[in-house]
Amino acid sequence: MAKNTNGFSIIGKPMAMTDARAKVTGLGKYADDLSVPGMLIGKILHSPHAHARIRSIDTSQAEALAGVKVTATGEDARNPYGILPIGHDERAFALGKALYIGDNIAAVAAATPEIAEQALDLIRVDYEQLPAWFDPEQSMKAASNWINEERPQNIEKEYHHVFGDPVKGFGEADFVAEERYYAGEVNQAAMEPHATLAVWEPDERLTVHSSTQVPFYLHRTIAAVCEMPMSQIRVIKPLIGGGFGGKSEIIPLEVAACVLAKKSRKPVKITYTREEVFLAHRGRPITIVYLKVGMTRAGKITAVQARVIQDGGAYCGYGPVTVLYSGALLGAIYDIANVQYDGFRVLTNKPACGAMRGHGTVNVRFAFESILDQLAYQAGLDPLEVRRRNLLKAPCITANSLRVTSYGLPECVEKVFERSGWAEKKGKLPYGKGVGMACSHYVSGAANPIIRSNMPHTTVHIKIDRDAAVTVYTGASEIGQGSDTMQVQIAAEVLGVTADRIKLIAADTELTPIDLGSYSSRVTFMAGNACLNAAKDMRDQIVAAVAKKFGCAAEDFEAKNGRMSHTSDASKSFSFDEAVAVALEFHGALSARGTYAPPETARGGKFKGAGVGPSPAYSYSAQVAEVTVDPETGHVHVDKIVAAHDCGKALNPLTVEGQIEGSVYMGFGQALQEDMIWKDGRLMNPSLLEYRIPATKENPEIESIIVESIDPEGPFGAKEAGEGSLAATIPAIANAIFDAVGVRINSIPITPDKILDALREKQKSAGGNGSNAPKKASLAGSPR
Amino acid sequence: MNKELMRLRVNGEEREIAIAPNRLVLDALREDLGLTGSKRGCDDSSCGCCAVLIDGTPMLSCVALAASYEGREITTVEGLGGPGELDPVQEGYAEMGGAQCGYCTPGFMIATKALLDRNPEPSMDEIREALSGNLCRCTGYMQIYESVKYAIEKLRTKSAAHVPATH
């Protein structure tokens, strides 16, 4: 345990991000801001067909155009790749078949963007169109024309899990609800479109600056695709303009830029248009959930049965992981003994889906929290009280072998109960106004790495030399979430210096030790712990030297307020600079390292698919949404969302609140307005004007509440803060809409037309009872 | 298209560049003048990342032809204030969490600057209105509002220090 748990100097205090100055002056550099002399501009030719055999490609006219340096096609880089070892089905450019409208066919590198565009028009491709699959439930019945011949029936992967005895569980239920839920497809829509600058160096090495959340996976993939040793490739992550999972696997432009750079022996930059961002996609898949849940009269959940179908698009991507997360996190938030899960990841001729914020959990959480609300009404119980009655008794192991070490959900529920005025509002607001609540949870990083290995998930180095500057070398990727600042805080706290003494160098494969990347909310827990361990190692080295100098025991010294001091003899004290000078006398320039690997006990069960879901710790969230629904127009206004999130320990409350609010905002967008609209495999709204992410006018007021459960293994007790809150927002809004106007909408986004249809349907079925006055759904009697 | 010599006033300096007549202000700034603070986030003038002030009015530089703005005063994020001399608006966005990934931040700060220049005491609704042409995907806007309020407060203190109270 860390000393002085209550006397932190930096931990737990709001701190501006270390790169904030670079951002507000406009001087910080994102990938597209970089340019080098002689740089060519790359452009990619995309398939106009959803499923087509490529008979031939003729690039000769494009190559003849003045200003074109090189072109590239599938033949230039035949090696397949993919983020998962079981899903190497992508190539730099399509070989043989194009699998979706937007698939990557060829590319050019030219002196200017205009010439590159012109050259694309000169590439002749002879396609033979094939029957295509767009609807996942149709696609999984396909008898022929499979998208990937190695994936019969277009099923990328299916998993079937049974925990406990669901049949017995349903037998014990007094109420059983069974529903079909539908979630439309959404995109991360990070404000920065992807960009990659690949520089062919004079010594025949390749340096790649890319908008990535996973520089070390990119490193590995470029080596495979370009057939170069990893030692000859350097990947540098510049500032990243948001990721949310959209940059957490290898994106086609990254390999395309490298292939073009290698072929031309020139620097090549490719920047996506916004439309190309949507076509590269990797967002949250269309998800169909058939859900059945049983509950006793007392509100105890007895069994859960779910059949989940995800429309994964044309390539594997993170698909199997997504569908496993949907199962693993389905019931594990509550104390549920009996769970059956059947998950299907289906291929369709559309852009590949991926690991969007709240990976795998968001759409099933919408279904689960909605049906729980419905069951509460059936049983005549307060939905919030139903949550209270199904809480885990942590620490514990869930039915599906997830180890829960800290569990702030009970406090989250009570906090939103109080702050939302639940008792005064639930079921008591006038028609058209309502409140709804829901809970969610998420992993603090995956306990098992994507590529199986015993290597630590993160290593951090710290160096101190004569200038007494502390330099932290970390592979962790700052993408706007505060990763750099978090590590600066930790290092400064442990070494007892101010944050401005710490210089941090991050995410450069040549300088920084490996970190697996910024995904699955792993950075605070894993890079934070590695940084904590490195900083302790460094502090111990300096303290040992200081103690030796004074002829005392090392354990009598502490690092605090810029000094290394004896805890009971104030005369034995050095300033940090003096202490460093002493340590340098003994050791020369100082270097320390720290690593983090999840403990064996956190790595989950032994069944097939058990590897996904386990995490060293889980975050928890509870939310109450208050809405106003206009029954004439079907328009929903979300008046306020109160969100409590258990992040273990808020290392930086400013950034934790920012993460909670950003998650709620993104959930709000998916709940009410964001939807990728498809017509025969063509995206009809590939722009920010038509794919409507919420602006200031729509966005609700958000009150964020930090709950600190102090996880026993997190750095200073910290867990994740960046994803877990998203999933609760959607069902909280859906449940509030029910409270307001008495209709349940099981399909998101909940657009006005769906509400109007449901209201009309309700009126029809209630017709003839003589009463026109709308009534609120009432509880038979809340036992609270 | 043949290039022509043009003189643009950017951040108080006269800059001469050879550009095609169809060059957009955004590309002139980013490619010809090396001012990469203004960003491109969309294809259809919907995100506001490229906003600059032209004679004090916030405008989208991705739909403005550079040739049309010769002799006008163009202010980019770089012109709001540099290291050590941050504008209160920049300070607000840095201190209060208004900039997470930072990509939309230049545009938001330009919109904020324009708002506070004409209305130093805006209401919440006026703030929301003034920022409604900019999209942020990180913050949920709450800390952006806090950043604007920080700037308002800072400017209030500053003007109180410079102008003696009249009452």
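This is a predicted model: local features need pLDDT of at least 70, side-chain atom pairs count only at pLDDT 80 or more; totals for chains, interfaces and linings use all residues.

Me: What does the model score for ipTM and pTM?
Reply: ipTM is 0.97 and pTM is 0.97.

Me: And what pLDDT does chain B average?
Reply: Chain B averages 95, and 97% of its residues score at least 70. pLDDT is the predictor's confidence in each residue, from 0 to 100.

Me: How many helices and strands are in chain B?
Reply: Six helices and five strands. Those are DSSP runs, numbered from the N terminus: helices are H or I with at least four residues, strands are E with at least two. From the N terminus the order is β-β-α-β-β-β-α-α-α-α-α.

Me: Why is chain B called as compact as a globular protein of that length?
Reply: Its radius of gyration is 17 Å, close to the 15 Å that the globule rule gives for 167 residues, so chain B counts as that compact. The radius is taken over C-alpha atoms, and the rule is 2.2 Å times the number of residues to the power 0.38. Along the principal axes, the C-alpha atoms of chain B fill a box of roughly 60 × 35 × 25 Å.

Me: What share of chain B is buried?
Reply: 54% of the 167 residues. Buried means 20 or more other C-beta atoms within 10 Å of the residue's own; exposed means 12 or fewer, and partly exposed lies in between, with C-beta atoms placed from the backbone.

Me: Which residues of α3(B) are buried?
Reply: P88(B), V89(B), Q90(B), G92(B), Y93(B), A94(B) and E95(B). That is seven of the eight residues in 88–95, so the helix is largely enclosed by the rest of the structure.

Me: What covers them?
Reply: The cover includes α1 of chain A, along with α2 (77–80), α4 (105–118) and α6 (142–162) of chain B. Just after α3(B), G97(B) has a positive phi of about 85°.

Me: Now the interface. How many residues of chain A are in contact with chain B?
Reply: 42 residues of chain A are in contact with 41 of chain B. Contact means C-beta atoms, placed from the backbone, within 7 Å. On the chain A side, α17(A) gives the most, with seven residues. That side divides into 20 nonpolar, 13 polar and nine charged. Ala, Val, Leu, Ile, Met, Phe, Trp, Tyr, Cys and Pro count as nonpolar, Asp, Glu, Lys and Arg as charged, and the others, Gly among them, as polar.

Me: Switching to chain A strands. Is β1(A) buried or exposed?
Reply: Buried: seven of the seven residues in 40–46, so β1(A) is largely enclosed by the rest of the structure. L40(A), G42(A), I44(A) and H46(A) point one way, and I41(A), K43(A) and L45(A) the other.

Me: Which strand pairs with β1(A) in the antiparallel sense?
Reply: β5 (104–110) of chain A, over six bridges. Strands pair if DSSP finds at least two bridges between them. I44(A) stands opposite A107(A) there. β12 (268–271) of chain A runs parallel to β1(A), joined by two bridges, with L40(A) opposite V268(A).

Me: What order do the strands of the open sheet take?
Reply: β4-β2-β6 in chain A, with antiparallel pairing. β4 (97–98) and β6 (124–129) are the edge strands, each pairing on one side only.

Notes
Residues are numbered from 1 along each chain as its sequence is written. Chains are lettered from A and ligands numbered from 1 in the order in which they are written. Two residues are in contact if their C-beta atoms, placed from the backbone, lie within 7 Å.
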